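Here's a quick briefing to read alongside the coordinates. It starts with one working definition, then goes from the overall fold to individual residues.

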Amino acid sequence: MRQTWNELLFIHWPLPAAALRALVPPMLSLDTYDGQAWIGVVPFWMSGVRPRGVPNIPGFSTFPELNVRTYVTVEDKPGVYFFSLDAANPLAVFGARVGFHLPYYQAIMAVDHVGDWIHYRSQRVRQDARAARFAARYQPTGAPFRAAVGSLESFLTDRYCLYAVDSAPRVYRCEIDHPKWELRPAELEIAANTMTRWLGLELPDTQPLLHFSQRQDVVNWLPERIASFGRRAA
């Protein structure tokens, strides 16, 4: 697949590793930075979503997405583990659930621009899912930079695969390729955020760590099952 991620904001909070360890499947190793675990809420909107070699598909290729994530390793390869991914495109939600084993949920979403501010709203509507809402505005505030190797910024953003676990349980890895992130400091005002409450997680009452990226062009592959985990395919 090809896709472009636009006006993305990494919103990260530190949490005790034990709080996240209990929510991550046991076959995935929770990844920490200096012993500290992190959870991210990441709003953005996607464009150009399509299989490689296929033109944009009207009504499918552009839509907002909002994910809640933490960081794991499998076989010493660092990646992202998603607690949830909300999207405004029901076809994309269905396809990602079936084809990528990811916890996608349909949501009513809107992205508006007022001056330099990006106004972002999401309300989950899938009937068999716990309610989750996010409403905020954000904007970049500083010059772009690239995270230094070994830095916290690199730990949080330089991830080139995701992991998913199905009901068997079997572990899947989906490889992702893109240039190194061009990040900027950002300003954020949150009106509502219950994206982690359904997990039983209350976020710290502190200012989150913020990183904005204007655009990221991405290629991803279909997921591959990691045979050393879970049941082997028949």
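A residue counts as buried when its relative accessible area is under 20%, as exposed when it is over 50%, and as partly exposed in between. Tyrosine 81, with a relative accessible area of 13%, is therefore buried. Bear in mind that this is a predicted model. The chain has three helices and 13 strands. Its radius of gyration is 17 Å, close to the 17 Å that the globule rule gives for 234 residues, so the chain is as compact as a globular protein of that length.

**Overall picture**

- Along its principal axes, the C-alpha trace spans about 55 × 45 × 35 Å.
- Of the 234 residues in the chain, 52% are buried.
- Take the contacts with a separation of 6 or more: 67% of them are between residues 24 or more positions apart.

**Aromatic pairs**

- The count of aromatic pairs comes to nine.
- One of them is tyrosine 33 with phenylalanine 155, at 5.5 Å centre to centre and 55 degrees between the planes, which makes it tilted.
- Are the two partners buried or partly exposed? Tyrosine 33 is partly exposed at 24% relative accessibility, whereas phenylalanine 155 is buried at 12%.
- Tyrosine 81 also pairs up, this time with phenylalanine 83: the ring centres are 5.5 Å apart and the planes stand at 90 degrees, so this pair is edge-to-face.
- Phenylalanine 83 is buried too, with a relative accessibility of 5%.
- There's also an aromatic cluster, made up of Trp5, Phe10, Phe44 and Trp181.

- As background, most residues other than glycine have a negative phi, and most peptide bonds are trans.
- Which two residues does a cis peptide bond join? They are alanine 168 and proline 169, with omega at about 0 degrees.
- Proline 169 is in the loop between strand E9 (161-165) and strand E10 (171-177).
- Glutamate 7 has a positive phi, near 50 degrees, without being a glycine.
- You'll find glutamate 7 in strand E1 (residues 2-15), and at 10% relative accessible area it is buried.
- Aspartate 34 is another non-glycine residue with a positive phi, at about 55 degrees.
- Aspartate 34 belongs to the loop between E2 and E3, and its relative accessible area of 73% makes it exposed.

**Two residues in strand E12**

- Histidine 211 is in strand E12 (residues 209-220), and it is buried, with a relative accessible area of 4%.
- Which residues does histidine 211 touch, not counting those up to four places away in sequence? They are Leu8, Leu9, Phe10, Phe145, Glu153, Leu183 and Arg184.
- Phe10, one of those contacts of histidine 211, is also a member of the aromatic cluster.
- Histidine 211 and proline 185 are 26 residues apart along the chain, and their C-alpha atoms are separated by 5.2 Å.
- Valine 218 is found in strand E12 as well, and its relative accessible area of 3% makes it buried.
- Leaving aside neighbours within four places in sequence, valine 218 is in contact with Met1, Arg2, Gln3, Trp5, Ile176, Asp177 and His178.
- Trp5, a contact of valine 218, belongs to the aromatic cluster.
- Glycine 48 is 170 residues from valine 218 in sequence, and the C-alpha to C-alpha distance between the two is 9.8 Å.

Technical notes:
Residues numbered from 1 in each chain as written. Predicted model: local features only at pLDDT ≥ 70, side-chain atom pairs only at ≥ 80, totals over all residues. Heavy atoms only, no water. Helix = DSSP H or I, 4+ residues; strand = E, 2+ residues; numbered from the N terminus. Rg over C-alpha atoms; globule rule 2.2 N^0.38 Å. Buried < 20%, exposed > 50% of the residue type's maximum accessible area, 1.4 Å probe, protein only. Contact = heavy atoms within 4.5 Å. Phe/Tyr/Trp six-rings, centres within 6.5 Å; stacked < 30°, edge-to-face > 60°.
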